[in-house]
Amino acid sequence: CYNKRMKRLKKTRLLIAAALFAAGMIGIAGYYIFRDLPQVMTAARDGFAHVWRTALGAATAWIPFSVYEAGVTLLALCALLWLCKTIYLAVRRSFRRAVFRRLIPAAVAGIWVWALFLWTWCAGYYAVPFYDGVLTGGGVTAAQLEGAARYFLAGANEYAERVPRTGDGSVVLGSLRDAARVYSNLSEELRLPDSPAAPKPMLYSKLMSSLQFTGVYMAITGEANVNVDCPAALIPCTAAHELAHARGVAREGEADFFGILACITADESLLEYRYSGYLTGLIKLGNALYRANPGRYYALAAEYSELVLADLRREGEYWARYQQTAASAAVMSAYDSYLKSNGQEDGARSYEQSADLLAEWWSVTHGNAGAPN
């Protein structure tokens, strides 16, 4: 009687596992079938995925540390223990028992995590851009790049004088939670959905620097994680970039654009965010202008203030300490492949697309005005 009950229980478990596995696979297959339909992906991004991001962002925002970092650490330890025990069961007891009791549940969980990640995050790569209808996202001329770069240079030179600094001249980093306020002044046409997510300082910031990352948004926990070991001048704009992700902006160039735009239009009391936005935009536009017309770039660079040049030197000196290693090259190669597999043809270079968006935005909204308000 006992043996019959155990057999029925095992059969029931297998049926449940098979049903869950099949449901997860249907979700994955559905994503790949419909991902080239922008309307479907936009509905997913602005519907289910938005609810998911908002709920998780609200659940983790009040926690002072990064749940993502803690989860990754715990998951790594649990995975190691799970693997050791699975090998032990397979070798010392029963391979069949190891498969049915440990590998199948892990496979089902993995399939569901994959399906959720695709629909709650990757759908955004194929959705209609948030700037659609306002900007084209097409190419711009060297003259537009120069005009926008001069606009951002004027802002950077101005706010470099006004931003709080330490005794050695470094920018003082305010509260990362102030980043949630920078999106309130975006124009109605470029308004992003609200999000309760709050930027979290990363405990593993030095590790992130060694891997050439300044931040990471994790859709599974709804958190915007920021590397706080780098020089403070660009950290506020990094926080705004990650919060753009929290609002559903998946493409890196678009997230850069919205993060920079949110910072330079932020309340005047958020001086470090304004300066960070202008400085980050200047870097992006300066690099694009140099590629388009080196002569125009050098003429522009001659007008950088001493404070701006000092902040750029600090940034360069910091990252010079983290030269590319085999580990960071492997991680960046994997990240490049990940972006390309999600419709970002330029891979890791897709961040550079923010310069074209900024130049087009400047052309549309400011023309030859030149100086910030």
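## A guided tour

Start with two helices, α6 and α10: their crossing is left-handed, a word used when the near helix is turned anticlockwise from the far one by less than a right angle, with right-handed for clockwise. This is a predicted model, in which local features need pLDDT of at least 70 and side-chain atom pairs count only at pLDDT 80 or more, while totals for chains, interfaces and linings use all residues. Residues are numbered from 1 along each chain as its sequence is written, and side-chain values use heavy atoms, with hydrogens and water left out.

**Stop 1: the helix pair.** Select residues 142-162 for α6 and residues 271-292 for α10. Two packed helices are described by the angle between their axes and the distance between the axes. Here the axes come within 8 Å and cross at roughly 150°; axes are lines fitted to C-alpha atoms, for helices over the stretch in contact, and angles run from 0 to 180 degrees between N-to-C directions. The two helices are therefore roughly antiparallel, since angles over 145 degrees count that way, under 35 as roughly parallel, 65 to 115 as roughly perpendicular and the rest as oblique. Colour the residues of the contact of α6 with α10 by type, and you get 19 nonpolar, three polar and three charged. Nonpolar covers Ala, Val, Leu, Ile, Met, Phe, Trp, Tyr, Cys and Pro, charged covers Asp, Glu, Lys and Arg, and the others, Gly among them, are polar.

**Stop 2: the whole chain.** Now zoom out. How many helices and strands does the protein chain have? There are 14 helices and three strands, taken as DSSP runs numbered from the N terminus (helices: H or I, at least four residues; strands: E, at least two). The C-alpha trace spans about 85 × 45 × 35 Å along its principal axes. Of the 373 residues, 45% count as buried (under 20% relative accessible area; exposed is over 50%, partly exposed in between, with a 1.4 Å probe and protein chains only).

**Stop 3: the sheet.** Select the three strands, which form an open sheet in the order β1-β3-β2 with mixed pairing. β1 and β2 stand at the edges with a single partner strand each, so one side of each has no neighbour in the sheet. From one strand to the next, the twist averages 25°. Two strands pair if DSSP finds at least two bridges between them. β1 and β3 (residues 223-226) run parallel, joined by three bridges; look for K200 opposite N225 and P201 opposite V226. β2 and β3 are antiparallel over four bridges, with Y217 partnered by A224 and G215 by V226.

Next, show the side chains of β3: E223 and N225 point one way, A224 and V226 the other, and all are buried. In β2, G215 and Y217 on one side and V216 and M218 on the other are all buried. Then click G222 in the hairpin of β2 and β3, where four residues lie between the strands: G222 has a positive phi near 70°.

Stop 4: Select α9, residues 252-264. Is α9 enclosed or open to the outside? Since 13 of its 13 residues are buried, α9 is largely enclosed by the rest of the structure. Finish at G174, in the loop between α6 and β1. G174 is partly exposed, at 29% relative accessible area.

Conventions:
The expected span of a helix is 1.5 Å times one less than its number of residues.
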